[in-house]
Amino acid sequence: MREVMFVQALGEAMAEEMERDPRVILMGEDVQLGAFGQTRGLVERFGPGRVRNTPLAEVGFTGAGIGAAASGLRPVVNIMMANFLYVTMDQIVNQLAKLRYMSGGQVDFPIVIWATTGAGGSAAAQHSDNPAAMFVNVPGLKIVKPGNPYDVKGLMKSSIRSNSPIIFFEETTLGMMKQPIPDEEYTVPIGKGEVKREGTDITVVAIGCMVSQALSAAEKLEKEGISVEVVDPRTLVPLDKDIILNSVAKTGKVVVCDDAPPLCSVASEISATINEEGFDFLKAPVARVTREHVPVPFSPPMEKFVLPNEEKIINKVKEVAKR
Amino acid sequence: MLNSELLLKMYQKMVLIRAFEEKVSELFAKGKIPGFAHLSLGQEAVPVGTCANLEEEDHITSTHRGHGDILAKGADPKYMFAELFGKSSGYCKGKGGSMHIADYSLGIIGANGIVGAGIPIATGSALAQQQLGTKNVTVCFFGDGAANEGSFHEAVNLASIWKLPVIYVCQNNQYAVSTPASYALSVQDVSSRGSAYNIPGVTVDGNDVIAVYEAVHEAVERARNGSGPSLVECKTYRWHGHFEGEEALGWIYRSKEEVEEWKKKDPIPRFENNLVNQGILSKTDIEKTKEQTKQLIEDAVKFAEEAPLPDPEEALVGLFPD
């Protein structure tokens, strides 16, 4: 086992998969530089044919990745900030998500669209979105959003090997997070969640950067006599419903945490799923901890105010646990 | 370069496309085809002159007006009609319809319902062909309307800097829905935009199949030898509306005279006369080709009509491979 940072784990996943399969290529804006350090060194190792800097042309290079995936390559397309995904909407939503289905299953699109996401550094509204739910709403895409170094590596490796189109969200706020990971190769399956902490009183379903905050909240709540179980779905499509429902069956209470706007969010979807399929287990209504429904503001106190955090999780858990 | 065998094949293909689309028009008017039908009647020389340069392993992308392109690349009218009828034996199992026909085994990597969206995809196909070390090329068909989309500009720039083996073939049929190219294009010729991306751009008479063949031939040679992309603009005209049945909506945006003027430039009799004059085609051959094509289309329609409709639950199959 070695202590590895989140961004480093992600880079290792890509290097290992590029080593394993010559059809894997990496393309995007400044990938040779490795804007956040994830891909640093890859161009020296694999050359500029397989690690391609693209012009700032998200429609063009995302579409090119899609065409390349349909024609024999396995591209990883980097979108530096998740907000820039909006520029590519036609290619992802009208093309990538639909072309396999609309062709009657003639061809697969083994592509990973990898974007960094998250807020908290005063980047303001055009660099702080977490648009995962928008893509969850599109049939034909698998959505992955890991919350620690072990998962980010294992899930990126599985995503590159998958023949389905994957939108892979990398949490920027977790970049420096460290964790011991195995020296030997491993993968994490797409579509399988994990219970990150066992508990008996209440379930917290946490996504992405909320996982570590939920775990820290759980430690504190334990001292106050509330035993919290933390479940991380890790993949949003397909969603591991069983792991969530099993936990709710045990605890009867649930708070869903997602660092995203609340309307039609992943938290809403999980909440609805619990209501439809786990209503009989519930001892209290399902509650959510999300962003406020505004664009993320620039100024630090306002930004802090609109984002979910450990304190908000603690308060919501206490509120639900009391019922 | 152009032997008589290839010329005859090109002639037959043009006749086939014409017959196919005339039949689609007829069936659509009878209410036998659901959805939309965007026909390319009058434009047959472009896909035929282009695809005569391609091998089966080469790729094409096409547009919402793609029947001609797809037939020119070798698709079977039987499965095309079945797709237009929404049958499971259609190319896309009834999930794509007229605007989305694909046959990956023939290098037809998809028609596309979004204007300009196929241009980056074609560029990516060429990226794969280059990266995998093949000598194959991709032809990207698009219209004058798509030449104004951002996707065109981004994709052509990308192909130029990476020297990708792609040929952008603009079928300039003068109208984007009802908006004339003379109004919507900042330039007279789409081909002149090639210079902005440092690639060759040429405009040819799109109703002259030989002129199309020759321009695309040069572009394909360039692509195969690693010299990168080219832009070939073919000036042509669509005889019918943007989609079948638009007259019923009161869509009038072209004069009858204009349409008649272009019909006089019909690419089929023009090529026919050329071949007759060269002694490659006889009056009997012409009759025979038309008769055989008619039969082929009748058989294809029969196949499609007799094919079973899909089980509705097939709608839930095929989203993901794993």
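A residue counts as buried when its relative accessible area is under 20%. The model shown in these views is predicted.

**View 1. Helix H4 of chain B, residues 77-84.** Of the eight residues in this helix, six are buried, so H4(B) is largely enclosed by the rest of the structure. Those six are Pro77(B), Met80(B), Phe81(B), Ala82(B), Glu83(B) and Leu84(B). They pack against three helices of chain B, namely H1 (4-29), H3 (67-72) and H11 (283-306).

**View 2. The two ends of H4(B).** At the start of the helix, the backbone nitrogen of Lys78(B) has a side-chain oxygen of Asp76(B) within 2.9 Å. After the helix comes Gly86(B), with a positive phi near 80°.

**View 3. The annotated domain of chain B.** An unreviewed UniProt entry assigns residues 13-313 of chain B to "domain: Dehydrogenase E1 component".

**View 4. The annotated domain of chain A.** For residues 4-176 of chain A, UniProt gives the feature "domain: Transketolase-like pyrimidine-binding", again from an unreviewed entry. The span is 38% helix and 19% strand, and its end C-alpha atoms lie 9 Å apart.

**View 5. The contact between chain A and chain B.** Chain A contributes 45 residues to the contact and chain B contributes 36 residues. Together the chains bury about 3,200 Å², of which 63% is on carbon and sulfur atoms. On the chain A side, the residues that lose the most area to chain B are Arg52(A), Tyr101(A) and Met102(A), which together account for 21% of what that side buries.

**View 6. Polar contacts and the salt bridge between the chains.** Between chain A and chain B there are 20 residue pairs in polar contact, with both residues at pLDDT 80 or more. The salt bridge count between the two chains is one. This salt bridge joins the side chains of Lys142(A) and Asp322(B), with an N to O distance of 3.7 Å.

**View 7. Elements of chain A that touch chain B.** Strand E2 (24-28), strand E3 (51-53), helix H3 (58-70) and helix H4 (89-102) of chain A each supply at least two residues to this side. H3(A) gives the most, with 10 residues. By class, the side of chain A that touches chain B has 19 nonpolar, 18 polar and eight charged residues.

Notes. Residues are numbered from 1 along each chain as its sequence is written. Chains are lettered from A and ligands numbered from 1 in the order in which they are written. This is a predicted model: local features need pLDDT of at least 70, side-chain atom pairs count only at pLDDT 80 or more; totals for chains, interfaces and linings use all residues. Side-chain values use heavy atoms; hydrogens and water are left out. UniProt positions are given in the numbering used here, feature names are shortened, and annotations may be inferred rather than shown by experiment. Contact means heavy atoms within 4.5 Å. Buried area is the accessible area (1.4 Å probe) that two parts lose on being put together, summed over both. A salt bridge is a side-chain nitrogen of Lys or Arg within 4 Å of a carboxyl oxygen of Asp or Glu. A polar contact is a pair of N or O atoms within 3.5 Å; within protein, one must be able to donate a hydrogen and the other to accept it, and residues adjacent in sequence count only if both atoms are side-chain atoms. Helices (H or I, at least four residues) and strands (E, at least two) are DSSP runs, numbered from the N terminus. Ala, Val, Leu, Ile, Met, Phe, Trp, Tyr, Cys and Pro count as nonpolar, Asp, Glu, Lys and Arg as charged, and the others, Gly among them, as polar. Buried means under 20% relative accessible area, exposed over 50%, partly exposed in between (1.4 Å probe, protein chains only).
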